[in-house]
Amino acid sequence: MATAPTEIRVTPEIAAEHGLTAEEYARVKQILGREPNITELGIFSVMWSEHCSYKSSKVHLKRLPTRGKLVVQGPGENAGVVDIGEGLVAAFKIESHNHPSYVEPFQGATTGVGGILRDIFTMGARPIAVLDSLRFGPITEDGFVSPLATRRSPLPSELAANRRILDGVIRGVGSYGNCFGVPTVGGEVAFESCYSQNPLVNALALGIARKEDVFFAKAKGAGNPVIYVGAKTGRDGIHGASLLASAEFTEESQQKRPNVQVGDPFMEKLLLEACLEAMQTGAVVAIQDMGAAGLTCSTVEMASRGGTGIEIDLAKVPQRETGMTPYEIMLSESQERMLLVAEKGREPEVLGVFKKWGLDAVVVGRVTEGGLARIKNHGTVAAEIPAHPLAEEGPVYNRPIAAPVPQVESEKDWFAFAPEGTNLTQNLLKLLASPAIASKRWITEQYDTSVRTNTLAGPGASDAAVVRIKDPKTNEVKRALALSTDGNGRWCYLNPRVGAMHAVAEAARNVASSGARPIAATNCLNFGSPEKPEVMWQFSEAIDGVAEACTALGTPITGGNVSFYNETLGKSIYPTPVIGVLGILDDVSRVLKIGFRNEGDVILLLDGLVTAGHPERSPRSEESLRSSLSRESSSSEYSKAIAGIVAGEPPAIDLAAEKRLIDCLVALAAEGVVESAHDISDGGLTITIAESCFAASFVVAGLQTGSFSLGASVQLDDAAPAEFSLFSERGARAVVSVSPTNLAAALAIARQYNVVAREIGQVIRGDAFRIEHKGRAVIDSSVETLRDAWANLLKRAIYRK
C-alpha cells in the first residue's frame, strides 16, 4: 500500500511512550504484518488503552448478570436499553470522567456530562434526566480520617485544592446540563481523604424512545456513505480520556491540562435535535458518538460491530486548526461530534437536516467490504488496520489477584459506646454538620432540576429522582421512572464484596422508597491500578458482590464503565463501585417523598431482616453483643464523624430481606396507604427521621399552602446500646409515616411481605425533636436547631477565607 510520509519512525521506545508494552507492540506488528507508522501506533495506543479496551476487567465483567426479560440492549453499545412498556424504551448509562476533572475540574465535569448525553441520543433516545455521583477529598478541618482511629489535620493547601475541585466540578455539571436543557435531578456526594487528589465524577443520563426508533452503532451496507457531523475537530483532548484515564496521577499531572476536552453545550443541543430529526428520515443506518479516542473509536467500532470495513479521508474532516496531522485528527477528542452511516443515495436528506440546524455535515468516507479500516489523507493512505482485531482482539489480561494483608484489629480500635442514658444531642448536631450528611442544597441549587417540566421528585425530595414518562409522539403521561445512584467506598475498602452488595441494595431500596419497582442497573467501577494484585482482588470481589445482589434483586446490569488507575503518587482511592438503578412507577400520583406530611401520623420502622436478622436479639452475653455491635458501628458515618474511626466491618447484608422490603415499599405506594417513605442508610435511623422533618410541609387538598415545622416524638426499646439503635446503618430498613386510618392496612401489607413494622413514634406539630431509648431521652432538640447544623455546611466550607 502507499503510505503517508512521516517524520517519526516508530520504535519500541516510542510505543512504550504511547502506553504499549513490548508484548502489545509485538501483537500490533503481528496484526499488521509490518511495523506501524506513527498514526497507526496512535490508533492502537488509544484503542488498546485501559479506558477503551477494558483489557484488565473483561475477564471479570463476564460474571455480571446482563440479561433479563426487559433488557433490549445490554453492555456493548453506547447505552443500555430496557423495555418500559406501552411501546417505549429507556436508554440509560453511567460513565466516569475522573482524571480530566482533577486536571481541569470545570471542563472535565462539563465534558463528562456531554459525553454521557451523546451516548443516550446516539441510541435514538431523547435525554430527559442527568444524575451525578461525586467523590471529593475533605473540605473541613476535621475531615481527614484514616483506618484504625488515626487522624491527622489537613494542610491548608489540601483543603484549598479540594474546595477548588469541588467548586469547579459542581459549576461544570450545572453549566452543561443547564445550557443543554436537561434537568440534573439527583445523585450523591461523598467526602473521604483518599479522594483528595483523585476526585470521582460519575455522570448518569436517562433517555426515552419508541422501541422501533432505537439505533445501533453497526456500520452496514458496502458503499453506504460515512458522514461526519457536529463541531469541527481541533487539538483539544488528544490522549485525553483514553490515555489520561489509563495512568495514575503524578506530580506532573497538572501539566496535562491541554489534554482535557472543551465542551460546548449549546452546540450539543443543536446536535441532539439534528441527530434525532435525521434518524426520523429513515436514511440513517448507524450512528456513533466521538467520545474517548474520538474519530478512531467511532470508525473502528462501527466497522467491527457491523462486520464491515470503513474508509475515510481526513482531508474532508472539518477542522478548526491548520496543519493538523493524521495522528492528531484521529486522536483528537474534541467534543460534540458524531459519525453516522447513511443509505447510499439518501445523503442529501441527512445533510439537509444538519444544514437546517447550522451544523457541519460532510461525507468523509464509505462503508467497505473486507474488514479494513483505511484512513486516507488527501488521497494517500495514512493508516490501514483490520478493524475487528483492533477493536475486539486487543490484549486481555487475567492479572494477578492477592488479598491485602488483613489489618489486625482489637476492641481498642473500634468505636466505644457511651454509657447508657448519655444525652447524644451534641453528637447528632456534629453528625448533621459533617460533609457526608449535611444538606447538599448548595450543590443542587446550581442545577436546573425541573427544565422540561417532567420532574416529579428532584434532589432531596425523595430517595430517588422521579421523572414523568411522556410518550414522544402523543405527550401522554401516565407513568414515571425513578433513578438512584449509590456507592460506599469506605465499606468497600473494609469488605469489597459486602460493600458492593450494599451499593446495589441501597440504590434499589431508594428507588422502591419512591414507590417505583426496580428493573435494571448500570455501574461505574472506580478502582486503583489494575497492576496491583490487591486492587484486582478488590475489583474481583466487588464484581461478585454486584453480580450476587443484582441477581437477587432482579436488576440486570445493562452497561456502564470501568475506571482504573484512580491513584495519586502510588496511593489508591477506596474501591468505589457506583450503582445506578432504574425503576418504573405505574401511577404518577403514587410517588412517595421523604417529608412527613401530617400531624398525628404514625411513624413506622419497616424491617425486612425480621427477628432472625438482628444479632442484638440473638442469645449471647452482653459483653459479646456489645463487642459485635461495636465492630459493626466502627464502619459507620457516625463513628467517622464522632470518633474519627474507620475500622471493623460493614453491616452484614441479607439480600432476601432487601427484596422483601423493596416489594413491601412498592406495594405500600401502589395501595396509597403511606404518606412518606425514607430508607435508612448514612447516619442511621436518627438521620432518616430528622431529614423527614426537614422536608415536611403542610399540604391541604393536594395543594401546598405554606410551610411550618413538623417534629417527631420517637420511643425505642432495642436491647442494643442507644448509639447503635440511633445511628446503625444496617440495611433492609425504612421509615414510613402512616395516617391512623391507614395504619391497619399498612401493617397488613407489611405482614404479607414478611416485613416487621414497628410503631416507634408520631409526627407532631411544632418544633420538637425527641427520641427516647429504653424510657430515657437521648435526643432532645428543636427541629430548627438541627436544621441549622445541617443546612449550610457546604456553603460555609467553600466560601470561607
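User: Why are helix 17 and helix 21 described as roughly parallel to each other?

Analyst: This is a predicted model, where local features need pLDDT of at least 70, side-chain atom pairs count only at pLDDT 80 or more, and totals for chains, interfaces and linings use all residues. Residues are numbered from 1 along each chain as its sequence is written, and side-chain values use heavy atoms, without hydrogens and water. Helices here are DSSP runs (H or I, at least four residues), numbered from the N terminus, and axes are lines fitted to C-alpha atoms over the stretch in contact, with angles from 0 to 180 degrees between N-to-C directions. Helix 17 (residues 496–513) and helix 21 (residues 655–671) have axes 8 Å apart at an angle of about 15°; angles under 35 degrees count as roughly parallel, so the two helices are roughly parallel.

User: Which residues of helix 21 make the contact with helix 17?

Analyst: Contact means heavy atoms within 4.5 Å. Helix 17 contributes M501, A505, A508, R509, A512 and S513, and from helix 21 come L655, E658, L661, I662, L665 and V666.

User: Are helix 9 and helix 12 roughly parallel or roughly antiparallel?

Analyst: The axes of helix 9 (residues 265–280) and helix 12 (residues 347–356) come within 9 Å and cross at roughly 155°. Angles over 145 degrees count as roughly antiparallel, and therefore helix 9 and helix 12 are roughly antiparallel.

User: Which residues of helix 12 does helix 9 meet?

Analyst: On the side of helix 9 the residues are L271, A274, C275, E277 and A278. Their partners in helix 12 are V353, F354 and K356.

Definitions and conventions
Angles under 35 degrees count as roughly parallel, over 145 as roughly antiparallel, 65 to 115 as roughly perpendicular and the rest as oblique.
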